[in-house]
Amino acid sequence: MKLNVVVSLLLLLISTATCCPPSDLRALLAFRSALHEPYLGIFNSWTGQDCCHNWYGVSCDAVTHRVADINLRGESEDPIFERAHRTGYITGRISPAICDLARLSALTIADWKGISGDIPKCITRLSFLRTIDLIGNQISGEIPNDIGRLNRLAVLNVADNRISGSIPKSLTNLSSLMHLDLRNNLITGLIPTDFGRLTMLSRALLSGNRITGRIPESLTKIYRLADVDLSIRSSISYISFYINYAPTKKTFYIRPWSVLATLNLDGNKISGEIPQTLMTSSVMNLNLSRNLLQGKIPEGFGPRSYFTVLDLSYNNLKGPIPSSISGASFIGHLDISHNHLCGKIPVGSPFDHLEAASFMFNDCLCGKPLRACLKH
Ligand SMILES: *[C@@H]1O[C@H](CO)[C@@H](O)[C@H](O)[C@H]1NC(C)=O
Ligand SMILES: *[C@@H]1O[C@H](CO)[C@@H](O)[C@H](O)[C@H]1NC(C)=O
(Lines give C-alpha, C1' and ligand atoms only; values in the text may rest on other atoms or scores of the structure.)
(Ligands and ions follow the chains in the order given, each with its own letter.)
Protein backbone atom coordinates (compact mmCIF):
# COMPACT_ATOMS: atom_id res chain seq x y z
CA MET A 1 0.00 0.00 0.00
CA LYS A 2 2.62 2.44 1.11
CA LEU A 3 4.84 1.38 -1.76
CA ASN A 4 1.95 1.92 -4.19
CA VAL A 5 1.48 5.46 -2.97
CA VAL A 6 5.17 6.15 -3.36
CA VAL A 7 5.14 4.68 -6.84
CA SER A 8 2.14 6.71 -7.96
CA LEU A 9 3.62 9.85 -6.45
CA LEU A 10 6.80 9.16 -8.35
CA LEU A 11 4.85 8.56 -11.58
CA LEU A 12 2.97 11.79 -11.05
CA LEU A 13 6.23 13.63 -10.51
CA ILE A 14 7.73 12.13 -13.65
CA SER A 15 4.72 12.90 -15.77
CA THR A 16 4.44 16.52 -14.64
CA ALA A 17 8.16 16.86 -15.09
CA THR A 18 8.09 15.59 -18.67
CA CYS A 19 4.88 17.16 -19.99
CA CYS A 20 5.62 20.56 -21.45
CA PRO A 21 9.11 21.03 -20.05
CA PRO A 22 9.75 24.49 -18.57
CA SER A 23 11.91 25.47 -21.55
CA ASP A 24 8.99 24.83 -23.97
CA LEU A 25 6.61 26.65 -21.65
CA ARG A 26 8.93 29.67 -21.51
CA ALA A 27 9.31 29.65 -25.28
CA LEU A 28 5.54 29.57 -25.87
CA LEU A 29 4.90 32.36 -23.39
CA ALA A 30 7.55 34.52 -25.06
CA PHE A 31 6.03 33.67 -28.44
CA ARG A 32 2.60 34.73 -27.20
CA SER A 33 3.80 37.96 -25.64
CA ALA A 34 5.20 39.15 -28.98
CA LEU A 35 1.74 38.85 -30.57
CA HIS A 36 -1.44 40.83 -30.08
CA GLU A 37 -4.73 39.11 -30.85
CA PRO A 38 -7.54 41.52 -30.02
CA TYR A 39 -10.74 39.84 -31.24
CA LEU A 40 -10.97 36.10 -30.66
CA GLY A 41 -9.14 35.33 -27.44
CA ILE A 42 -7.22 32.41 -28.93
CA PHE A 43 -4.50 32.80 -26.32
CA ASN A 44 -6.90 32.76 -23.36
CA SER A 45 -6.38 29.02 -23.07
CA TRP A 46 -2.63 29.46 -22.78
CA THR A 47 -2.55 29.39 -18.98
CA GLY A 48 -1.14 27.02 -16.38
CA GLN A 49 1.97 24.88 -16.64
CA ASP A 50 0.81 22.14 -19.00
CA CYS A 51 1.03 23.54 -22.50
CA CYS A 52 0.36 20.08 -23.91
CA HIS A 53 -3.29 20.03 -22.89
CA ASN A 54 -5.97 22.36 -24.14
CA TRP A 55 -3.68 25.12 -25.26
CA TYR A 56 -5.32 26.44 -28.42
CA GLY A 57 -3.24 25.42 -31.45
CA VAL A 58 -0.51 23.64 -29.49
CA SER A 59 0.12 19.93 -29.58
CA CYS A 60 2.86 17.81 -28.14
CA ASP A 61 4.56 14.61 -29.16
CA ALA A 62 2.97 11.64 -27.40
CA VAL A 63 6.33 10.09 -26.60
CA THR A 64 8.67 12.99 -25.90
CA HIS A 65 5.96 15.27 -24.43
CA ARG A 66 7.68 18.14 -26.19
CA VAL A 67 5.81 20.74 -28.22
CA ALA A 68 5.55 19.33 -31.75
CA ASP A 69 3.00 21.54 -33.53
CA ILE A 70 1.96 25.13 -33.43
CA ASN A 71 -1.11 25.35 -35.61
CA LEU A 72 -2.72 28.78 -35.63
CA ARG A 73 -4.93 29.60 -38.60
CA GLY A 74 -6.69 32.92 -38.88
CA GLU A 75 -9.30 31.52 -41.24
CA SER A 76 -10.87 28.32 -40.05
CA GLU A 77 -14.11 26.61 -39.15
CA ASP A 78 -13.23 26.52 -35.48
CA PRO A 79 -16.16 27.58 -33.25
CA ILE A 80 -14.01 30.35 -31.83
CA PHE A 81 -14.35 32.14 -35.19
CA GLU A 82 -18.06 31.45 -35.50
CA ARG A 83 -18.71 32.93 -32.08
CA ALA A 84 -16.79 36.07 -32.98
CA HIS A 85 -18.38 36.30 -36.48
CA ARG A 86 -15.07 37.25 -38.01
CA THR A 87 -11.75 36.00 -39.32
CA GLY A 88 -8.59 36.33 -37.35
CA TYR A 89 -6.32 39.29 -37.00
CA ILE A 90 -3.03 39.40 -35.12
CA THR A 91 -0.34 42.04 -34.99
CA GLY A 92 3.16 41.73 -33.62
CA ARG A 93 5.99 39.48 -34.72
CA ILE A 94 7.17 35.90 -34.50
CA SER A 95 9.47 35.76 -31.51
CA PRO A 96 12.83 34.04 -31.97
CA ALA A 97 11.90 32.27 -28.73
CA ILE A 98 10.19 29.61 -30.88
CA CYS A 99 13.68 28.42 -31.80
CA ASP A 100 13.88 26.95 -28.29
CA LEU A 101 11.10 24.50 -29.19
CA ALA A 102 13.73 22.00 -30.23
CA ARG A 103 11.28 19.27 -31.30
CA LEU A 104 8.92 21.49 -33.26
CA SER A 105 7.80 19.76 -36.43
CA ALA A 106 5.08 22.08 -37.73
CA LEU A 107 4.90 25.84 -37.50
CA THR A 108 1.65 27.13 -38.97
CA ILE A 109 0.82 30.77 -38.34
CA ALA A 110 -1.40 31.42 -41.32
CA ASP A 111 -3.77 34.15 -42.49
CA TRP A 112 -3.56 36.51 -39.54
CA LYS A 113 -3.09 39.45 -41.89
CA GLY A 114 -1.18 41.69 -39.48
CA ILE A 115 1.86 39.77 -38.25
CA SER A 116 5.01 41.59 -39.36
CA GLY A 117 8.71 41.37 -38.68
CA ASP A 118 11.14 38.76 -39.99
CA ILE A 119 11.15 35.00 -40.07
CA PRO A 120 13.51 34.37 -37.13
CA LYS A 121 16.86 33.29 -38.59
CA CYS A 122 17.36 30.75 -35.83
CA ILE A 123 14.42 28.74 -37.20
CA THR A 124 16.95 26.78 -39.26
CA ARG A 125 18.15 25.20 -36.01
CA LEU A 126 14.82 23.39 -35.67
CA SER A 127 15.94 20.23 -37.40
CA PHE A 128 12.63 18.42 -36.85
CA LEU A 129 10.62 20.96 -38.83
CA ARG A 130 8.50 19.45 -41.58
CA THR A 131 6.13 22.36 -42.16
CA ILE A 132 6.61 26.11 -42.21
CA ASP A 133 3.34 27.77 -43.19
CA LEU A 134 3.20 31.52 -42.68
CA ILE A 135 0.86 32.44 -45.56
CA GLY A 136 -1.19 35.61 -45.42
CA ASN A 137 0.65 37.93 -43.06
CA GLN A 138 2.90 40.99 -43.42
CA ILE A 139 6.14 39.17 -42.81
CA SER A 140 9.15 40.92 -44.31
CA GLY A 141 12.88 40.32 -44.45
CA GLU A 142 14.47 37.42 -46.25
CA ILE A 143 14.12 33.67 -46.25
CA PRO A 144 16.94 32.53 -43.92
CA ASN A 145 20.09 31.86 -45.95
CA ASP A 146 20.71 28.46 -44.48
CA ILE A 147 17.11 27.22 -44.89
CA GLY A 148 18.67 24.24 -46.69
CA ARG A 149 19.68 22.80 -43.31
CA LEU A 150 16.09 21.76 -42.64
CA ASN A 151 16.44 18.38 -44.27
CA ARG A 152 13.02 17.18 -43.13
CA LEU A 153 11.16 20.21 -44.45
CA ALA A 154 8.32 19.13 -46.73
CA VAL A 155 6.23 22.33 -46.84
CA LEU A 156 7.54 25.86 -47.15
CA ASN A 157 4.69 28.30 -47.61
CA VAL A 158 5.32 32.00 -47.09
CA ALA A 159 2.92 33.20 -49.80
CA ASP A 160 1.11 36.54 -49.50
CA ASN A 161 3.65 38.34 -47.34
CA ARG A 162 6.31 40.98 -47.92
CA ILE A 163 9.34 38.71 -48.14
CA SER A 164 12.23 40.27 -50.05
CA GLY A 165 15.72 39.18 -51.06
CA SER A 166 16.37 36.32 -53.39
CA ILE A 167 15.71 32.59 -53.20
CA PRO A 168 18.59 31.30 -51.02
CA LYS A 169 21.05 29.03 -52.80
CA SER A 170 20.73 26.48 -50.04
CA LEU A 171 17.01 26.01 -50.78
CA THR A 172 17.81 23.38 -53.37
CA ASN A 173 19.33 21.30 -50.56
CA LEU A 174 15.82 20.70 -49.16
CA SER A 175 15.65 17.16 -50.46
CA SER A 176 12.31 16.43 -48.75
CA LEU A 177 10.55 19.53 -50.04
CA MET A 178 7.18 18.79 -51.63
CA HIS A 179 5.32 22.12 -51.54
CA LEU A 180 7.04 25.41 -52.20
CA ASP A 181 4.78 28.43 -52.23
CA LEU A 182 6.45 31.83 -52.40
CA ARG A 183 3.70 33.59 -54.35
CA ASN A 184 2.94 37.27 -53.94
CA ASN A 185 6.00 38.58 -52.17
CA LEU A 186 8.80 40.94 -53.16
CA ILE A 187 11.35 38.28 -54.01
CA THR A 188 13.97 39.28 -56.56
CA GLY A 189 16.85 37.56 -58.31
CA LEU A 190 17.02 34.29 -60.18
CA ILE A 191 15.56 30.84 -59.69
CA PRO A 192 18.60 28.72 -58.69
CA THR A 193 19.87 26.82 -61.74
CA ASP A 194 19.98 23.59 -59.74
CA PHE A 195 16.30 23.90 -58.84
CA GLY A 196 15.81 20.45 -60.35
CA ARG A 197 17.53 18.94 -57.31
CA LEU A 198 14.20 19.29 -55.52
CA THR A 199 13.12 15.92 -56.82
CA MET A 200 10.27 15.48 -54.32
CA LEU A 201 8.63 18.76 -55.32
CA SER A 202 5.02 18.60 -56.46
CA ARG A 203 4.07 22.29 -56.19
CA ALA A 204 6.35 25.07 -57.36
CA LEU A 205 4.49 28.34 -56.95
CA LEU A 206 6.61 31.45 -57.42
CA SER A 207 4.37 33.94 -59.22
CA GLY A 208 3.69 37.47 -58.11
CA ASN A 209 7.30 38.29 -57.30
CA ARG A 210 10.09 40.16 -59.04
CA ILE A 211 12.03 37.12 -60.09
CA THR A 212 13.95 37.56 -63.34
CA GLY A 213 16.02 35.49 -65.69
CA ARG A 214 15.38 32.06 -67.08
CA ILE A 215 13.35 29.25 -65.71
CA PRO A 216 16.09 26.65 -65.26
CA GLU A 217 16.03 23.66 -67.54
CA SER A 218 16.67 21.43 -64.54
CA LEU A 219 12.99 21.92 -63.69
CA THR A 220 12.23 19.26 -66.28
CA LYS A 221 13.87 16.67 -64.05
CA ILE A 222 11.23 17.00 -61.36
CA TYR A 223 8.84 14.25 -62.36
CA ARG A 224 6.46 14.74 -59.46
CA LEU A 225 5.56 18.31 -60.32
CA ALA A 226 1.81 18.73 -60.37
CA ASP A 227 1.32 22.47 -59.99
CA VAL A 228 3.67 24.96 -61.57
CA ASP A 229 2.98 28.66 -61.26
CA LEU A 230 5.86 30.64 -62.58
CA SER A 231 3.99 33.63 -63.91
CA ILE A 232 5.69 36.87 -63.15
CA ARG A 233 3.20 39.69 -63.07
CA SER A 234 5.64 42.50 -62.51
CA SER A 235 6.38 44.44 -65.66
CA ILE A 236 10.03 44.95 -64.72
CA SER A 237 10.83 41.29 -64.77
CA TYR A 238 10.83 38.67 -67.44
CA ILE A 239 11.54 35.04 -67.80
CA SER A 240 12.36 33.18 -70.93
CA PHE A 241 11.20 29.68 -70.64
CA TYR A 242 12.46 26.75 -72.58
CA ILE A 243 11.80 23.30 -71.36
CA ASN A 244 13.80 20.95 -73.52
CA TYR A 245 14.74 23.87 -75.66
CA ALA A 246 15.48 22.93 -79.22
CA PRO A 247 17.59 25.82 -80.52
CA THR A 248 17.26 24.85 -84.16
CA LYS A 249 13.50 24.88 -83.98
CA LYS A 250 13.34 27.95 -81.74
CA THR A 251 10.56 26.39 -79.81
CA PHE A 252 9.96 24.88 -76.43
CA TYR A 253 8.63 21.53 -75.43
CA ILE A 254 7.02 20.48 -72.24
CA ARG A 255 8.04 17.05 -71.16
CA PRO A 256 5.02 14.81 -70.88
CA TRP A 257 4.97 14.95 -67.12
CA SER A 258 2.36 12.44 -66.21
CA VAL A 259 1.11 14.34 -63.17
CA LEU A 260 1.43 17.95 -64.26
CA ALA A 261 -2.04 19.43 -63.76
CA THR A 262 -1.48 23.18 -63.50
CA LEU A 263 0.93 25.08 -65.68
CA ASN A 264 0.73 28.83 -65.31
CA LEU A 265 3.44 30.57 -67.27
CA ASP A 266 1.48 33.70 -68.07
CA GLY A 267 3.19 37.05 -68.35
CA ASN A 268 6.63 35.75 -69.24
CA LYS A 269 8.48 36.19 -72.53
CA ILE A 270 7.96 32.74 -73.91
CA SER A 271 8.42 32.60 -77.64
CA GLY A 272 8.12 29.78 -80.10
CA GLU A 273 5.15 27.60 -80.83
CA ILE A 274 2.81 25.79 -78.49
CA PRO A 275 3.88 22.15 -78.42
CA GLN A 276 1.17 19.83 -79.65
CA THR A 277 1.76 17.40 -76.79
CA LEU A 278 0.42 20.01 -74.40
CA MET A 279 -3.05 19.65 -75.85
CA THR A 280 -3.40 16.03 -74.80
CA SER A 281 -1.17 16.04 -71.71
CA SER A 282 -2.31 15.75 -68.11
CA VAL A 283 -2.39 19.56 -67.86
CA MET A 284 -5.88 20.77 -66.98
CA ASN A 285 -5.15 24.36 -66.03
CA LEU A 286 -3.03 26.01 -68.66
CA ASN A 287 -2.32 29.70 -68.67
CA LEU A 288 0.10 30.92 -71.32
CA SER A 289 -1.50 34.35 -71.56
CA ARG A 290 0.66 37.43 -72.25
CA ASN A 291 3.65 35.79 -73.84
CA LEU A 292 5.20 35.96 -77.32
CA LEU A 293 3.84 32.69 -78.63
CA GLN A 294 3.73 32.35 -82.40
CA GLY A 295 2.38 29.97 -84.97
CA LYS A 296 -0.94 28.20 -84.88
CA ILE A 297 -2.86 26.66 -82.05
CA PRO A 298 -1.80 23.06 -82.62
CA GLU A 299 -4.18 20.45 -83.93
CA GLY A 300 -4.34 17.29 -81.94
CA PHE A 301 -7.11 17.96 -79.43
CA GLY A 302 -8.96 14.79 -78.64
CA PRO A 303 -10.83 12.87 -75.97
CA ARG A 304 -7.82 13.23 -73.65
CA SER A 305 -7.96 17.00 -73.85
CA TYR A 306 -9.62 18.15 -70.65
CA PHE A 307 -9.18 21.76 -69.59
CA THR A 308 -10.78 23.60 -66.74
CA VAL A 309 -8.77 26.62 -67.92
CA LEU A 310 -7.13 27.13 -71.31
CA ASP A 311 -5.89 30.70 -71.55
CA LEU A 312 -3.80 31.57 -74.61
CA SER A 313 -4.83 35.23 -74.77
CA TYR A 314 -2.44 38.10 -75.59
CA ASN A 315 0.00 36.22 -77.84
CA ASN A 316 0.81 36.30 -81.55
CA LEU A 317 -1.10 33.21 -82.56
CA LYS A 318 -2.25 33.08 -86.18
CA GLY A 319 -4.40 30.91 -88.40
CA PRO A 320 -7.70 29.25 -87.63
CA ILE A 321 -8.85 27.60 -84.43
CA PRO A 322 -8.09 23.92 -85.07
CA SER A 323 -11.20 21.94 -85.89
CA SER A 324 -10.03 19.09 -83.66
CA ILE A 325 -10.83 21.29 -80.67
CA SER A 326 -14.47 20.20 -81.06
CA GLY A 327 -13.26 16.75 -80.05
CA ALA A 328 -11.90 17.87 -76.69
CA SER A 329 -13.72 16.23 -73.83
CA PHE A 330 -14.08 19.46 -71.83
CA ILE A 331 -13.03 23.08 -71.96
CA GLY A 332 -14.41 25.03 -69.02
CA HIS A 333 -12.84 28.41 -69.53
CA LEU A 334 -11.28 29.27 -72.88
CA ASP A 335 -9.58 32.55 -73.66
CA ILE A 336 -7.91 33.00 -77.03
CA SER A 337 -8.67 36.70 -77.31
CA HIS A 338 -6.05 39.27 -78.36
CA ASN A 339 -4.27 37.17 -80.97
CA HIS A 340 -4.29 37.22 -84.78
CA LEU A 341 -6.58 34.26 -85.33
CA CYS A 342 -8.84 34.09 -88.34
CA GLY A 343 -11.62 31.85 -89.62
CA LYS A 344 -14.76 30.16 -88.47
CA ILE A 345 -15.14 29.26 -84.81
CA PRO A 346 -15.72 25.49 -84.63
CA VAL A 347 -19.00 24.27 -83.24
CA GLY A 348 -19.32 21.49 -80.71
CA SER A 349 -20.11 20.74 -77.14
CA PRO A 350 -16.89 22.07 -75.59
CA PHE A 351 -17.85 25.45 -77.08
CA ASP A 352 -21.54 25.80 -76.55
CA HIS A 353 -21.24 27.69 -73.30
CA LEU A 354 -18.51 30.11 -74.34
CA GLU A 355 -19.10 33.82 -74.72
CA ALA A 356 -17.80 36.33 -77.21
CA ALA A 357 -15.14 37.57 -74.79
CA SER A 358 -13.26 34.31 -75.28
CA PHE A 359 -12.67 35.13 -78.95
CA MET A 360 -12.60 38.92 -79.24
CA PHE A 361 -9.73 41.07 -80.53
CA ASN A 362 -8.52 38.71 -83.21
CA ASP A 363 -7.97 39.47 -86.90
CA CYS A 364 -11.00 37.84 -88.46
CA LEU A 365 -12.68 35.18 -86.35
CA CYS A 366 -16.34 34.70 -87.12
CA GLY A 367 -19.30 32.52 -86.27
CA LYS A 368 -21.09 31.92 -83.01
CA PRO A 369 -20.71 33.56 -80.47
CA LEU A 370 -19.21 36.30 -82.67
CA ARG A 371 -20.96 37.67 -85.76
CA ALA A 372 -21.83 35.26 -88.55
CA CYS A 373 -19.22 34.51 -91.19
CA LEU A 374 -19.69 36.12 -94.58
CA LYS A 375 -20.72 33.69 -97.28
CA HIS A 376 -18.35 33.62 -100.28
C1 LIG B 1 24.08 21.76 -49.42
O2 LIG B 1 24.40 20.59 -48.69
C3 LIG B 1 25.73 20.17 -48.87
C4 LIG B 1 25.88 18.82 -48.16
O5 LIG B 1 25.34 18.87 -46.87
C6 LIG B 1 26.68 21.23 -48.33
O7 LIG B 1 28.02 20.83 -48.51
C8 LIG B 1 26.44 22.52 -49.09
O9 LIG B 1 27.23 23.55 -48.57
C10 LIG B 1 24.98 22.92 -49.03
N11 LIG B 1 24.75 24.04 -49.91
C12 LIG B 1 24.38 25.23 -49.49
C13 LIG B 1 24.27 26.30 -50.53
O14 LIG B 1 24.12 25.47 -48.33
C1 LIG C 1 -4.00 34.02 -66.99
O2 LIG C 1 -2.99 34.96 -66.73
C3 LIG C 1 -3.37 36.30 -67.03
C4 LIG C 1 -2.15 37.18 -66.95
O5 LIG C 1 -1.47 37.01 -65.76
C6 LIG C 1 -4.47 36.70 -66.07
O7 LIG C 1 -4.86 38.04 -66.31
C8 LIG C 1 -5.64 35.77 -66.29
O9 LIG C 1 -6.67 36.05 -65.38
C10 LIG C 1 -5.24 34.31 -66.15
N11 LIG C 1 -6.32 33.47 -66.62
C12 LIG C 1 -7.08 32.77 -65.81
C13 LIG C 1 -8.20 32.03 -66.45
O14 LIG C 1 -6.90 32.69 -64.61
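I began with Asn54, which counts as exposed because 11 C-beta neighbours lie inside 10 Å. My cut-offs: a residue is buried with 20 or more other C-beta atoms within 10 Å of its own, exposed with 12 or fewer, and partly exposed in between, with C-beta atoms placed from the backbone. This is a predicted model, in which local features need pLDDT of at least 70, side-chain atom pairs count only at pLDDT 80 or more, and totals for chains, interfaces and linings use all residues. Residues are numbered from 1 along each chain as its sequence is written, while chains are lettered from A and ligands numbered from 1 in the order in which they are written.

**Backbone checks**

I looked up phi for Asn54 and found it near 65 degrees, a positive value in a residue other than glycine. Asn54 sits in the loop between β1 (35–36) and β2. Helices (H or I, at least four residues) and strands (E, at least two) are DSSP runs, numbered from the N terminus.

His85 also has a positive phi, near 50 degrees, and is not glycine. I found His85 in the loop between α3 (79–84) and β4 (90–93). His85 is exposed, because 7 other C-beta atoms lie within 10 Å.

Next I checked Pro369. A cis peptide bond joins Lys368 to Pro369, with omega about 5 degrees. Pro369 is in the segment after β22 (364–366).

**Whole protein**

I noted three helices and 22 strands. Of the 376 residues, 37% count as buried. For contacts with a separation of 6 or more, 50% come from residues 24 or more positions apart. Two residues are in contact if their C-beta atoms, placed from the backbone, lie within 7 Å.

I then read the UniProt record. Its unreviewed entry annotates residues 22–61 as "domain: Leucine-rich repeat-containing N-terminal plant-type". UniProt positions follow the numbering used here, feature names are shortened, and annotations may be inferred rather than shown by experiment. The span 22–61 is 30% helix and 12% strand, and its end C-alpha atoms lie 15 Å apart.

**The core**

Which residues have the most contacts inside the largest nonpolar core? They are Val67, Leu104, Ile109, Leu134 and Val158, in a core of 89 residues. Such a core is a set of buried Ala, Val, Leu, Ile, Met, Phe, Trp, Tyr and Cys residues joined through C-beta atoms within 7 Å. Elements giving two or more residues to this core include α2 (22–33), β3 (67–73) and β20 (330–335). β3 gives the most, with four residues. The core lies between domain 1 (19–100 + 110–125) and domain 2 (240–376), because both give residues to it. The domain bounds come from an automatic or database domain assignment.

I followed Val158. Beyond four places in sequence, Val158 touches Leu134, Ile135, Ile139, Ile143, Ile163, Leu182 and Asn185.

Ile143 was my next stop, in the loop between β7 (131–133) and β8 (155–157). Ile143 is buried because it has 23 C-beta neighbours inside 10 Å. Leaving aside neighbours within four places, Ile143 is in contact with Ile119, Val158, Ile163, Gly165 and Pro168.

**Ligands**

I found Gly148, Lys169, Ser170 and Asn173 around ligand 1. A residue is near a molecule if its C-beta atom, placed from the backbone, lies within 6 Å of it. Ten residues surround ligand 2, and the closest are Asp266, Gly267, Asn287, Ser289 and Asp311.
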